[in-house]
Amino acid sequence: MRKYVPKDNVQGKSYYTDRFWVAPRVPRTEVEAEGHFAQVLTTLAKLAKEAYVELGQMVIHIDASQNFEVMKTLKEACGYTQCSEQSAVDYLAKDGEFELFYQLLNITEAKRVRVICRIKQNEAIESIEPLYKSANFAEREIFDMFGIKVNNHPFLKRILMPDDWEGHPLLKTYPMIGDEFASWYEVDKIFGKEYRDVIGPENRDQARIERYDTKRFSRVGYEVPFDADISAGETKTDIEYSETVLVDYTKNSGKQLDERR
Amino acid sequence: MAQHKVNYASSAGLPIVLTSADKLVNWGRSNSLWPLTYGLACCAIEMMASGASRYDFDRMGTIFRASPRQADVMILAGTLSKKHSEFARRLYDQMTEPKWVISMGSCANTGGMFNTYATVQGVDRIIPVDIYLPGCAPRPETLQYALMMLQKKIRRESANMNKNTKQNLRLV
Amino acid sequence: MQQPNKLTPFFENLNFERDDNTMVINFGPQHPSAHGQLRLVLELDGEQVVKAYPDIGYLHRGIEKMAENMTYNEFLPTTDRLDYIASTSNNYAYALAVEKLIGIEAPRRAQVIRTMLLELNRIISHLFFVATHALDVGAMSVFLYAFREREFAMDLMEDYCGARLTHSAVRIGGVPLDLPTGWLEAAATFCNKIDHEVVHTYGALLNENRIWKMRLEDVGVISAEDALSWGCTGPMLRGSGVNWDIRKEEPYELYPELDFDIPTSDRCDSYGRFMIYMEEMKQSTRIIRQLIPMYKKTEPQLMAHAPQYISAPKEEIMTQNYALMQHFVLVTQGMRPPKGEVYVPTESPKGELGFYIKSEGEPYAYRLKCRAPSFFHTGLLQELLVGTYIADVVTIIGTTNIVFGEVDR
């Protein structure tokens, strides 16, 4: 039987996790009653759903439909003149949602605020490009990497991947080495689909060694003619990986255990 | 080149050099290899360094050219992404024959550490490569060594490029 | 013989047949003065740029995707390839973000070494900037002089970590190696050399050079408000008169103890930025000089003591059973930082380099976002280039000091 692999998250996973492992959490503290962050919260009033301080920066959770309003308030009333970064996190597998964050900077107070909102899979978000021009590129990147549509963006187009690319690479469902389309992209584009057989599939095995390839590699120390067979009759062997032998110690029939008893 | 022990200048004889056409042509080709500045990523910095003060590529007759029409050798220095692959092939097509390709760095050779969706897993999937240069990033000395190896290779070839089809391995 | 392929010749570079009498020029993606793989589509009216459209992504390698598939320590060498001109600053920014997440601090000696390497990398990067910027504008000799000194800086890096370009000289929790003997003296000599060269070679060749000034003055003017809005940081922001340096304002590492100045310029143009770069090199040597006596007063510990996250020193691993077990678990499974998210900004030579890490308590980061300064500086080009002459385009690209490993990631 084939091993079950979850399809909704194909990223790296720990091969072993202790049964009783409970991940701790980075301490979150309440926003102090006095100070800059408290002022920001009072200015935002009802726009902020939840707020706390995590590792020195205030995190504000807001409603996704109000993102433009919140940003406008933060920029104009609280002095957050720079949007350092904005991007998304894919929580589709867990919650069916994307988490978007905006990292803002106030240079007069030297304070940073992170605004977080969540949207459903096929929802769009309002562009903050009229407020922060840096959002022009950043929102295009979000669209490219996650497929999140941004309303009222002046030029919403793929930015990092080519225009004719299929799929959004930073989704958790997208494997790191790419899908079928990605693996043949350059061959299809340059030579056409009929050359797939000539060129062959990509080599994704990082441990592959071609000892007898005289087409591409020369020999150090002694020269061999081009494309000569230097295997000296040795047949090709596939790499064999050693298998871990698991002993079930719970059964009483274990030979080693019997001996020990 | 043929070597002569007679000093023609002093004995007033004719200055004659005997050689074959192949050798003469290859002498010219191998000693004025003009690479295309094809810096893609990190290796491009090392390529620049090998052209700059300490390593000084000019002493090998190597002058970087910005146009593919003037270049003999393409040094693919760095990661070739899938988005860029089309342009790499296009520039290779624009170079005039005879032309050679040096793939510089692990990324260009095999994709290197970038085993991802966006990276071409070895430029030899789209361009025939003459010299593979290992390292991440290879030192300027390595690039100079590779260029000397390429010169060696050129000197071994026939001046008539049509005869070299098998030697040059035009893969696709 | 040339083998046929699907690519047909096309003339996208020039497009004359337009009704509005403008010309569309394609610049790149492979252009010697594009600083990498920048493709610019410029719409020209005569010699003036009417519209500029930067097309990036030609060096997209999926580094953020790799971060989701690698353990925290595995990913560290990949950060070298972001801003490959100053690798250590990326290593450091990443290591600092993870350290903040797991709540540890590097020992004093590691901090001294890190700060030294960071400043050395700043000098390497700034020398590279001066060299290539001058080359773009047409001053060939400055390129050769600046690369000469850059090689000495690379020698210092090589003495420390063995690599010229991709250093990986910082680890999560400290640094892997102590400084080799004679390194401090060599660094001091190098500082003297740089101080001399900045004033007497590059300064003498460029600062008051008439052609240089004509090419740079009032080119690429950007107001402070625009610079903030476009997300400019580093010299791009300081060149517009905003005194903002993360080393001073949100200090990390040993910077609060050090005495240095932040050069700013309110000229808002390329020349002002160039002068900032020149001045910053001098400040960096000043910092390294202050660090040399500090190094001598430190204890020899190099990695923080946090058995849950960081392997013990090699000697302990070889002699003590528990250290070996911890090391085995950390290597095979990777460290598991607590759940949470962190954004740590640092001042890289190009600007604000920050890592946003979202951890779900797994040995793999759930999401890692690299906030690269060059990405936003490239976005700025679409506004900055409009209205300038085509001869100034390379000057403006040069002055933004973008590196494509960082832009496309």
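**View 1. A buried pair of side chains, R114(C) and E99(C), in chain C.** R114(C) and E99(C) are both buried in this model, which is predicted rather than determined by experiment. The two residues form a salt bridge, and their closest N and O atoms are 2.6 Å apart. R114(C) belongs to helix α4 (residues 108-137) of chain C, while E99(C) belongs to helix α3 of chain C, so the pair ties together parts that are 15 residues apart in sequence. Side chains of opposite charge can pair when their charged atoms come close.

**View 2. The salt bridge between R164(C) and E151(C).** In this view the side chains of R164(C) and E151(C) meet in a salt bridge, with a distance of 2.9 Å from N to O. R164(C) is placed in the loop between α5 (140-161) and α6 (183-207) of chain C, and E151(C) in helix α5 of chain C, so that the pair ties together parts that are 13 residues apart in sequence. Both R164(C) and E151(C) are buried.

**View 3. The salt bridge between D83(C) and K350(C), which joins two loops.** How far apart are the closest N and O atoms of D83(C) and K350(C)? They lie 3.2 Å apart, and the two residues form a salt bridge. Because D83(C) lies in the loop between α2 (72-79) and α3 (87-102) of chain C, and K350(C) in the loop between β5 (340-348) and β6 (351-359) of chain C, the pair ties together parts that are 267 residues apart in sequence. D83(C) is buried, with a relative accessible area of 0%, and K350(C) is buried as well, with a relative accessible area of 2%.

**View 4. The surroundings of R238(C).** R238(C) is found in helix α9 (residues 235-238) of chain C, and this arginine is buried, with a relative accessible area of 0%. A polar atom of the R238(C) side chain lies 3.2 Å from the backbone oxygen of W244(C). When residues up to four places away in sequence are left out, R238(C) touches W244(C), D245(C), I262(C), P263(C), T264(C), S265(C), I276(C), E280(C) and E347(C).

**View 5. The meeting of domain 1 and domain 2 in chain C.** Chain C is divided into domain 1, made of residues 1-60 together with 374-387, and domain 2, made of residues 63-371. The C-alpha centres of domain 1 of chain C and domain 2 of chain C lie 32 Å apart, and their contact takes 11 residues from domain 1 of chain C and 14 residues from domain 2 of chain C. The area buried between these two domains of chain C is about 1,100 Å², of which carbon and sulfur atoms give 64%. In domain 1 of chain C, the residues that lose the most area to domain 2 of chain C are F376(C), H377(C) and L380(C), which together account for 45% of what that side buries. Between domain 1 of chain C and domain 2 of chain C there are 0 salt bridges, while the count of residue pairs in polar contact, both at pLDDT 80 or more, is 2. On the side of domain 1 of chain C that touches domain 2 of chain C, the residues divide into 4 nonpolar, 6 polar and 1 charged.

**View 6. The interface of chain C and chain A.** The size of an interface is often given as the accessible area lost when the parts come together. Between chain C and chain A the buried area is about 5,400 Å², of which carbon and sulfur atoms give 54%. In chain C, K65(C), E341(C) and Y366(C) lose the most area to chain A, and together they make up 13% of what that side buries. The contact takes 63 residues from chain C and 67 residues from chain A.

View 7. How many salt bridges are found across the interface of chain C and chain A? There are 11 salt bridges across this interface, and among the salt bridges of the model is that of E85(A) with K369(C), whose closest N and O atoms are 3.2 Å apart. The interface of chain C and chain A also holds 31 residue pairs in polar contact, both at pLDDT 80 or more. Helix α14 (residues 373-384) of chain C gives the most to the side of chain C that touches chain A, with 6 residues. By class, that side of chain C has 26 nonpolar, 15 polar and 22 charged residues.

Definitions and conventions. Residues are numbered from 1 along each chain as its sequence is written. Chains are lettered from A and ligands numbered from 1 in the order in which they are written. This is a predicted model: local features need pLDDT of at least 70, side-chain atom pairs count only at pLDDT 80 or more; totals for chains, interfaces and linings use all residues. Side-chain values use heavy atoms; hydrogens and water are left out. Domain bounds come from an automatic or database domain assignment. Contact means heavy atoms within 4.5 Å. Buried area is the accessible area (1.4 Å probe) that two parts lose on being put together, summed over both. A salt bridge is a side-chain nitrogen of Lys or Arg within 4 Å of a carboxyl oxygen of Asp or Glu. A polar contact is a pair of N or O atoms within 3.5 Å; within protein, one must be able to donate a hydrogen and the other to accept it, and residues adjacent in sequence count only if both atoms are side-chain atoms. Ala, Val, Leu, Ile, Met, Phe, Trp, Tyr, Cys and Pro count as nonpolar, Asp, Glu, Lys and Arg as charged, and the others, Gly among them, as polar. Helices (H or I, at least four residues) and strands (E, at least two) are DSSP runs, numbered from the N terminus. Buried means under 20% relative accessible area, exposed over 50%, partly exposed in between (1.4 Å probe, protein chains only).
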